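The questions below ask what stands behind the labels put on a structure. Each answer sets a value against a cut-off.

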Amino acid sequence: MDGEAPECGWANINPVASSTKEMGPGARRDTLDDFFGDWNWKKIVGLGTTMQRKLKEAVPQYADHQAALNDLEEGLQEEYGEALEQWRSQVEAWENDESQLNPFEQNADVSVRLVLAKEEEQSMQDGACISLHEDCSPSILITSGLELKEQQRCLRADKDGCGLHIMDNQEGKLVKHSNALQHWLDSWAKMQELYMPNMAAMRISDNATAANASSIPSTESFKLWLPSQIGRSLPCNESLQRVEWRLRYAQGHDALRSLRSSLHTQTAILKYKDQNLRGQGANTRAHNMLKAIDMRIEAATRKYESAHKALVVLGNLLNESSWQSSLRPLNHQDICSMSDILWGELEGRQKLSWIWNMWGAGGSDVLITEGLI
């Protein structure tokens, strides 16, 4: 498949811009339709010649790429032979059956959810399933709770980004989003009471406290009371705590990966901006792009801090401590790229932030086996 084929037509249509800019909307649209139709007709008529030419180029290139791949594998065979065979078997299994684990998908959270789903399937076959609702198992309850918590964080960020002079259209979208999210939160809270009956009394107490204080809690501040938020204040099933611990462990690694990726992107844009961009327009676009990346960095930081805080509580409840070596407390000075030099440091005494020494920092991530067992 030629992914660049849709772009080729723009070279033919670009000269038409100067001719159509003085036209009215209807005439301009008809003219552009005529040019696009002419280009498509020429492409279909010459498709045989084009495919023949590309096939003649692809056959020798296929042999060259295959030879280069064989040379690369021979160089890695001695040291990474077992990993290559494992990777090849995973790719072939996924190509034959897409329900298998996707080896190209580097999302630890999705991997953990898949493992939890398979474990629940096995427990159902063995007759040991503790699901209290046909549509909501313990893992689905905790997973959807974490998704709702992320939605609350996004809604809070959207409201903070609107500023004082919000337009009616923006406010309307926020109100619709807030109402829909509140409906999902209420439905999830009712389902939660099946697995955590003490939550009914907890929510009644919270509502009474809010009524006495004459303050109605907003949607983004609605308390979900996940196992990590309850801690030891109320009894909670250990299986729910274990499910959240595994999901939070994967969430922490995903947040770190997102943080590193955003920092890489920020460094690349800053270097390109300094070396190539001149003029107010180009620098303004670069500034807006960097601002968007800063928001992604802040979102990844908040997500990691939330996961780490939950892991601290759940780790004490479940006597888990091995995760602390790879998911450390994230301080402000730790959020820096590999090439950044902190204030007061010299080039030869630069210290690399711990986020670049952890799992996945080199770009060769593997499945988080510790978080899956």
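Q: Which residue just after α6 takes a positive phi?
A: In this predicted model, Gly163 does, with a phi of about 80 degrees.

Q: What makes the span of α6 close to the expected one?
A: The helix has 25 residues and reaches 37 Å from its first C-alpha to its last. Among the buried residues of α6 are Gly145, Leu148, Gln152 and Arg153.

Q: Why is Ser306 called buried?
A: Its relative accessible area is 15%. Buried means under 20%, so Ser306 qualifies. Ser306 is found in helix α11, residues 280-318.

Q: How do you know that the side chains of Ser306 and Arg248 make a polar contact?
A: The distance given for this pair is 3.2 Å. A polar contact needs N or O atoms within 3.5 Å, so the distance meets the cut-off. Leaving aside neighbours within four places in sequence, Ser306 is in contact with Lys149, Arg153 and Arg248.

Q: Why is Trp225 called buried, and where is its place?
A: Its relative accessibility is 13%; the limit for buried is under 20%, so the label holds. Trp225 lies in the loop between α8 and α9 (227-230). Its phi is near 55 degrees, a positive value in a residue other than glycine.

Q: Why is Asn319 called exposed?
A: Exposed means over 50% relative accessible area, and Asn319 has 69%, so it is exposed. Asn319 sits in the loop between α11 and α12 (369-372). Phi of Asn319 is near 60 degrees, again positive in a residue other than glycine.

Q: Cys136 and Cys154: which label does each get, and why?
A: Cys136 is at 7% relative accessibility, under the 20% limit, and therefore counts as buried. Cys154 is at 34%, between 20% and 50%, and therefore counts as partly exposed.

Q: Which residues have the most contacts inside the largest nonpolar core?
A: They are Met196, Leu224 and Leu247, in a core of 27 residues. Helices α5, α6, α7, α8 and α10 each supply at least two residues of this core, and α7 gives the most, with six. Leaving aside neighbours within four places in sequence, the contacts of Leu224 include Leu148, Leu185 and Trp188. A second, separate core of 21 residues includes Tyr249, Leu259, Ile297 and Ile355.

Notes:
Residues are numbered from 1 along each chain as its sequence is written. This is a predicted model: local features need pLDDT of at least 70, side-chain atom pairs count only at pLDDT 80 or more; totals for chains, interfaces and linings use all residues. Side-chain values use heavy atoms; hydrogens and water are left out. A nonpolar core is a set of buried Ala, Val, Leu, Ile, Met, Phe, Trp, Tyr and Cys residues joined through side-chain atoms within 4.5 Å. Buried means under 20% relative accessible area, exposed over 50%, partly exposed in between (1.4 Å probe, protein chains only). Helices (H or I, at least four residues) and strands (E, at least two) are DSSP runs, numbered from the N terminus. Contact means heavy atoms within 4.5 Å. The expected span of a helix is 1.5 Å times one less than its number of residues. A polar contact is a pair of N or O atoms within 3.5 Å; within protein, one must be able to donate a hydrogen and the other to accept it, and residues adjacent in sequence count only if both atoms are side-chain atoms.
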